[in-house]
Amino acid sequence: MSHHAEIKRRTASSLLAHKGETPMVVLTAYSAQVASLLDAHCDVLLVGDSLGMVVYGFDSTLPVTLEMMIAHGAAVVRGSKQALVVIDMPFGSYQASPKQAFENAARVLKETGAQAVKIEGGAVMAETVRMLSTRGIAVMGHVGLLPQSVHTLGGYKAQGKTQDDADMIFADAKALEEAGAFALVIEGVMEPLAKRITQALSIPTIGIGGSAACDGQVLVVDDMLGITPRTAKFVKRYANLSETIADAAGRYADDVRSRSFPAPQHLYSNKP
Ligand code: KIV
């Protein structure tokens, strides 16, 4: 029997230790290879339904299917060892009823091996979060700007600008905590609201376009790597991969057209 310390995955309950402590590091991931590069640096890898926009080229997350989330979720689980993997439930897979949510979330966990799911929505989803969390499914909540509600919100814009709206989002956050969510994404709100929610909850908050006061931060990986052409104000780019990729493709094209690739070292030969 090996006495090597086994690398264990983070658990939903272990993330509670980030409350008011060192912030939790979260990035989205959609493929095994990228997940394996991010794994050592992240507490959580989120298989976000943002993949509909950044991987599939849709102009919203609404067309994303359960099958897409399962295929990419399973890839991210295969590519990672220590991060907690959370998979977004796509639009239409959980809003109809707690029963629908349980059946689809159970399928996601069975077919991917991920540890948790995320659903969008506040107080209106509390009954669903309770249904899942009391039956063994760890749930991450998501309040503020809800991309799956783009048509009822009237666009992707900051939320909670009036006192009434801010109070509503605060109540949403409290309702999700009370229903058993283990963590909460707060997206696209003014800093004071993100702070107020973070201070009032005992579960960790994860900001995106929120505040450094949150208990963690998340970015869409293609945004922070500089692959996506346009990004929101809240994104910081840590690389410029679009330039790197375009440059590599251009040099490859030149080599092919000039017959300088493949070179002798790239050729098979029958010498022993
Ligand atoms: O879909 C997604 O990637 C998300 C994060 C940005 C929070 O929900």
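**Figure 1. Cysteines in the predicted model.** The count of disulfides (pairs of cysteine sulfur atoms within 2.5 Å) comes to zero. The sulfur of C42 has its closest cysteine sulfur in C214, 17 Å away, which is too far for a bond. C214 is likewise in no disulfide. C42 counts as buried because its relative accessibility is 3%, where buried means under 20% relative accessible area with a 1.4 Å probe and protein chains only. C214 also counts as buried, at 3% relative accessibility.

**Figure 2. Residues around the ligand.** The ligand is surrounded by T28, L46, G48, D49, S50, D88, K118, H142, V185, I208 and V220; a residue is included if one of its heavy atoms lies within 4 Å of the ligand. By class, this shell has four nonpolar, four polar and three charged residues. Asp, Glu, Lys and Arg count as charged, Ala, Val, Leu, Ile, Met, Phe, Trp, Tyr, Cys and Pro as nonpolar, and the others, Gly among them, as polar.

Figure 3. A polar contact is a pair of N or O atoms within 3.5 Å. An N or O atom in the side chain of K118 is 2.9 Å from an oxygen atom of the ligand. The protein buries 95% of the 260 Å² that the ligand exposes when taken alone, by the Shrake-Rupley method with a 1.4 Å probe.

**Notes.** Residues are numbered from 1 along each chain as its sequence is written, and side-chain values use heavy atoms, without hydrogens or water. In this predicted model, local features need pLDDT of at least 70 and side-chain atom pairs count only at pLDDT 80 or more, while totals for chains, interfaces and linings use all residues.

Notes:
A polar contact is a pair of N or O atoms within 3.5 Å; within protein, one must be able to donate a hydrogen and the other to accept it, and residues adjacent in sequence count only if both atoms are side-chain atoms. Buried means under 20% relative accessible area, exposed over 50%, partly exposed in between (1.4 Å probe, protein chains only).
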